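Please open the model in your viewer and keep a selection panel at hand.

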Amino acid sequence: MKIRNFCAVLVALLCVCAPIKAQRALQFRHSDGLNLSSLVGIDNAALRPGFYSTLGLTYYFSDYFGIGTEVAYSEQGTHCKANDMGVVMNYNYNYLNLPLLATCRLSEHNVAFVGGVQFGKLLKATYDYTAPSILGQGSSVSGGGVFDKSEFHPWDVGVTLGVDWTLFPRIGGGIELRYTLGITQTHNGISDTANGNIYISVPDNRNSTLRVGLFVPF
């Protein structure tokens, strides 16, 4: 999604918001849930399930509009069929994400739309694989390793859109849904070998992450 289109969507959401009564100006929250992530740019990439956990705060300038941030631990990556030899690769990236989010709350529906920019600090990047026996006999082979972080860009930048649905008004908790699309490359391409025979080549790629989980204020 282009930045210009993202901004247009965010402005449109703000225009349809109606004010509701805010409980307090500064609100803290915690959320946990499931990541479904992939890597844009890798052929045959499939969704990789992972875990995320966040601590966040939002300051409401009015009854319906606020600006906030989070500190989020996020397991990302993908798994895919690497080549016609039947090699299956799993890419596992761990990030500490720091989004800057605008929040717009809708009147009488317990719904809030969020949107903004996310900065992700790479913590660790690993891979593992399975492949048929090299000689065509016996069971499959498997292995893995840790990518050198110097091959990755230390910061990942993406745009985020999402929605919060407050299911438990008495405590303010509910379900959150977020989608973040990377606008920067995670690295400039990586090559490696495994077992001295299987050639692993990771092309340029960008993060793509859908998360769904439960949030609760505190």
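**The chain as a whole**

Of the 218 residues of the chain, 42% are buried (under 20% relative accessible area, 1.4 Å probe, protein chains only). The model is predicted: local features need pLDDT of at least 70, side-chain atom pairs count only at pLDDT 80 or more, and totals for chains, interfaces and linings use all residues. Residues are numbered from 1 along each chain as its sequence is written, and side-chain values use heavy atoms, with hydrogens and water left out.

Colour by secondary structure next: the chain holds 1 helix and 12 strands (DSSP runs of H or I, at least four residues, and of E, at least two, numbered from the N terminus).

**The largest cavity**

There are 3 cavities of 30 Å³ or more, a cavity being a set of points on a 1 Å grid over the protein atoms alone where a 1.4 Å probe fits but cannot get out. Select Asn35, Tyr52, Ala72, Ser74, Gln76, Asn97, Gln118, Arg178, Thr180, Thr209 and Arg211, which line the largest cavity (lining residues have an atom within 4 Å of a point). Strands E4 (65-81), E9 (173-182) and E12 (206-217) each give two or more residues to this lining, and E4 has the largest share, with 3 residues. The space in this cavity is about 80 Å³.

**The second largest cavity**

Which residues line the second largest cavity? Select Gln76, Tyr95, Asn97, Gln118, Asp156, Thr180, Gly182, Asn207 and Thr209. The volume here is about 40 Å³.

Methods. Buried means under 20% relative accessible area, exposed over 50%, partly exposed in between (1.4 Å probe, protein chains only). On a 1 Å grid over the protein atoms alone, a cavity is a set of points where a 1.4 Å probe fits but cannot get out, and a pocket is an open set with protein on both sides within 12 Å along at least five of seven lines; lining residues have an atom within 4 Å of a point. Grid points are joined across faces, edges and corners, and a volume is the space filled by probe spheres set on the points.
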